[in-house]
Amino acid sequence: MIENSRIKKLESGAAMIGLLFNPLSGRIRKRKDAIRRALSGIPGATCREVTNAFEIKASVDAFVHADIDLLVIVGGDGTVQGVLCHLFATQPLARWPVLTVIPGGTTNMTALDLGICGRPEFILQQLRGYLLKQILPVFLQRHVLCIEQAGAEKVYGMFFGVGLIARAVIFSQSKIKQLGITGEIYSGIITVGYLIGLILGRRHGAWAPVQMSIIEKDIELHRGTYAFLFASTLDRLLFGMRPYWGREEEPLHMTFVRQKPKHPLRSLWALLSGRGESLKERDGYHSCNTGVLELLIDDDYIVDGESYRASSEDGPLRITAAGPIIFLGAGSVNS
């Protein structure tokens, strides 16, 4: 757990602050100058610009070496994921700074789950006001997904998806993203298009299902063909959705939909509107909370918008919950 001294410094206004700014993030490209001006107004902060994984790692190392108390990530989910992966790979939790996220990416599920929304430059101005007024900070705890498979480096993030979800993200990065649409509007276009295809019965190409076995606590509980599966430690996803309904006291939320589920239109509406308790596994729908999830799979998957490949020859893809870690929440940033 993060040292209490960092929290006390934030509460007293004595915190050292690092700003990690990705000018290539989706929502930032067209307003870089305004965001840079807002960044320069953060009192006592050090700012480093990053555009690739190497620069993210080097900047995080520099901030840790400087013993900063708050790391402000100005970017999207991919930038957040890069920070999380490097911190978990190199630092014990006690050495971590408190994190917060300014939503600057194409999708910003982590920031939105923390309640942080709006234009990046406006949120930075609000953060500046919070720091100057020494308003009592609001801290939130979130676990992080740890995805690992033999022969590959561990990947950390907040959202994992296979099947239709992974194919939609991979397609959108090469096509829709070129239109310059960002935020939840961008994600909504992709989601609606793929769900319509699913409802219409498309099963090939971008709508191809995924074959896998699902293992929980060393027991193969499910095997077959699935439209999609996702797992997350976030309380809410895009559009405020909470499409999981497990009651177990575990940090990892998992939901899957089998290929050709019954009543797809009516059931998917229940799923997306957060009323999944009415959906039955016998009809092709399942959700639960767990601490460990293993998948035997030969397919692409995504973590926070970044794509990877899993092979059953390397054994199961193992997903666990790491942390929790501490974020500065919306009550402080959107004050």
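Me: Which side chains does a polar contact of 2.9 Å join here?
Reply: Those of Asp299 and Arg167. A polar contact is a pair of N or O atoms within 3.5 Å; within protein, one must be able to donate a hydrogen and the other to accept it, and residues adjacent in sequence count only if both atoms are side-chain atoms. This is a predicted model: local features need pLDDT of at least 70, side-chain atom pairs count only at pLDDT 80 or more, and totals for chains, interfaces and linings use all residues. Residues are numbered from 1 along each chain as its sequence is written, and side-chain values use heavy atoms, with hydrogens and water left out.

Me: Where is Asp299 found, and is Asp299 buried or exposed?
Reply: Start with the terms. Strands are DSSP runs of E, at least two residues; helices are runs of H or I, at least four; both are numbered from the N terminus. Buried means under 20% relative accessible area, exposed over 50%, partly exposed in between (1.4 Å probe, protein chains only). Asp299 is in strand 13, residues 299-303. Its relative accessibility is 9%, so Asp299 counts as buried.

Me: What is Asp299 in contact with?
Reply: Contact means heavy atoms within 4.5 Å. Setting aside neighbours within four places in sequence, Asp299 contacts Arg167, Pro209, Val210, Tyr308, Arg309 and Ala310.

Me: Now Tyr244. Where is its place?
Reply: In the loop between strand 9 (219-232) and strand 10 (252-258). Tyr244 is buried, because its relative accessible area is 3%. A polar atom of its side chain lies 2.4 Å from the backbone oxygen of Leu234. Beyond four places in sequence, Tyr244 also touches other residues, including Phe230, Arg236, His253, Thr255 and Ser287.

Me: How many residues apart in sequence are Tyr244 and His286?
Reply: They are 42 residues apart in sequence and 8.5 Å apart in space, C-alpha to C-alpha.

Me: How are two packed helices described?
Reply: By the angle between their axes and the distance between the axes. Axes are lines fitted to C-alpha atoms, for helices over the stretch in contact, and angles run from 0 to 180 degrees between N-to-C directions. Take helix 3 (residues 53-65) and helix 4 (residues 77-90): the angle is about 55 degrees, and the axes are 10 Å apart. Angles under 35 degrees count as roughly parallel, over 145 as roughly antiparallel, 65 to 115 as roughly perpendicular and the rest as oblique. Helix 3 and helix 4 are therefore oblique to each other.

Me: Which residues of helix 3 and helix 4 meet?
Reply: Ile56, Lys57, Val60, Asp61 and Val64 in helix 3 meet Thr79, Gly82, Val83, His86, Leu87 and Thr90 in helix 4. That contact divides into five nonpolar, four polar and two charged residues. Ala, Val, Leu, Ile, Met, Phe, Trp, Tyr, Cys and Pro count as nonpolar; Asp, Glu, Lys and Arg as charged; the others, Gly among them, as polar.

Me: Is Thr79 buried or exposed?
Reply: Thr79, in helix 4, is buried, with a relative accessible area of 5%. Not counting residues up to four places away in sequence, Thr79 touches Leu20, Asn22, Ser25, Ile56 and Ile73.

Me: At what angle do helix 2 and helix 6 pack?
Reply: Helix 2 (residues 32-40) and helix 6 (residues 120-133) pack at about 10 degrees, axes 9 Å apart. They are therefore roughly parallel. Ala34, Ile35, Ala38 and Leu39 in helix 2 meet Pro120, Glu121 and Leu124 in helix 6. Six of the contact residues are nonpolar, none polar and one charged.
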